[in-house]
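The sequence and structure are shown first.

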Amino acid sequence: NITDTALPEINIFNFITSKQNPTYFNAWKVSDSKSFFELCLVSYEIVYYTASRTGGHKHTDSHLYFFGHLNLTKDFGNALIRPETLGDKITELFDSVEIDFKTYPKFSRKYFVLAENKDDFAFLLKPELIKYIQNIEGLQIEFSNNNCIFRLEKAVDERESMQLCEIGLTLNRLLNNL
């Protein structure tokens with residue numbers, strides 16, 4: 001089921017504030033018989049540069065993205081789960097800031113996890129959640145106390161939109177122990 005809902009307060013998240021000129025368009029409550037989350041449509045600008053014989057040129061494009069939002073029953077603090085990059089791996093050689101889950105090597109190879117309070121956050125990430133996330137490509141999750149937002153990497157795309165809805169319903173069940 002999909003119904004219109006008020007826009008949740010997602011402008012507290014770095015995923016949003018770090019974007020150039022974010023604009024919130026709409027939000028919907030997505031639900032099934034066991035779970036629900038809010039799906040938010042956000043636009044932001046992407047700046048890129050090209051070179052030609054006449055010099056460099058700055059381009060700005062605006063794209064639409066879906067973000068999911070969840071109210072959580074537990075306080076997860078401030079934390080981030082996102083795909084790990086080569087730069088992350090190199091940085092980790094000099095300054096180990098990431099939380100690694102030794103019993104879940106596939107998850108730890110695939111995802112970069114940061115948290116203000118590493119021990120509390122690692123305790124709250126239950127095995128069912130880690131096993132679920134490790135099988136998803138490109139998932140990004142940011143926690144801010146009793147809220148989280150999540151997204152996939154691409155702009156609005158029909159297949160990814162459906163996948164994000166399935167992810168949102170499952171994350172709500174796993175994070176809120178429904």
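## Cavities and packing

The largest cavity has a volume of about 70 Å³. A cavity is here a set of points, on a 1 Å grid over the protein atoms alone, where a 1.4 Å probe fits but cannot get out, and its lining residues have an atom within 4 Å of a point. Grid points are joined across faces, edges and corners, and a volume is the space filled by probe spheres set on the points.

The model is predicted: local features need pLDDT of at least 70 and side-chain atom pairs count only at pLDDT 80 or more, while totals for chains, interfaces and linings use all residues. Residues are numbered from 1 along each chain as its sequence is written, and side-chain values use heavy atoms, with hydrogens and water left out.

In total, the structure holds 2 cavities of 30 Å³ or more. The table sets out their volumes and the classes of their linings; Ala, Val, Leu, Ile, Met, Phe, Trp, Tyr, Cys and Pro count as nonpolar, Asp, Glu, Lys and Arg as charged, and the others, Gly among them, as polar.

| Cavity | Volume | Lining by class |
|---|---|---|
| Largest cavity | about 70 Å³ | 5 nonpolar, 1 polar and 3 charged residues |
| Second largest cavity | about 50 Å³ | 5 nonpolar, 1 polar and 2 charged residues |

The lining of the largest cavity consists of Phe66, Leu152, Lys154, Ala155, Val156, Asp157, Glu160, Ser161 and Leu164. Helix H6 gives the most to this lining, with 3 residues. Around the second largest cavity stand Lys74, Phe76, Leu124, Lys126, Leu129, Leu174, Leu175 and Asn177. Helices (H or I, at least four residues) and strands (E, at least two) are DSSP runs, numbered from the N terminus.

The largest nonpolar core has 37 residues, of which Ile81, Phe121, Phe143 and Phe150 touch the most other members. Helix H6 (residues 158-175) gives the most to this core, with 6 residues. Apart from it lies another core, of 12 residues, including Cys40, Tyr44, Tyr65 and Ile149. A nonpolar core is a set of buried Ala, Val, Leu, Ile, Met, Phe, Trp, Tyr and Cys residues joined through side-chain atoms within 4.5 Å. Buried means under 20% relative accessible area, exposed over 50%, and partly exposed in between (1.4 Å probe, protein chains only).

## Individual residues

Asparagine 176 is found in the segment after H6 and is buried because its relative accessible area is 9%. Its side chain reaches the backbone nitrogen of threonine 73 at 2.7 Å and makes a polar contact with the side chain of asparagine 172 at 2.5 Å. A polar contact is a pair of N or O atoms within 3.5 Å; within protein, one must be able to donate a hydrogen and the other to accept it, and residues adjacent in sequence count only if both atoms are side-chain atoms.

Lysine 110, in helix H3 (residues 105-110), counts as buried because its relative accessibility is 19%. Leaving aside neighbours within four places in sequence, lysine 110 is in contact (heavy atoms within 4.5 Å) with Arg82, Pro83, Glu84, Gln134, Asn135, Ile136 and Glu137.

Asparagine 145 lies in the loop between strand E7 (140-144) and strand E8 (147-151). Its phi is near 55 degrees, a positive value in a residue other than glycine. Most residues other than glycine have a negative phi.

Terms used. 1 Å grid on protein atoms, 1.4 Å probe; cavity = no way out; pocket = protein on both sides within 12 Å on 5 of 7 lines; lining within 4 Å.
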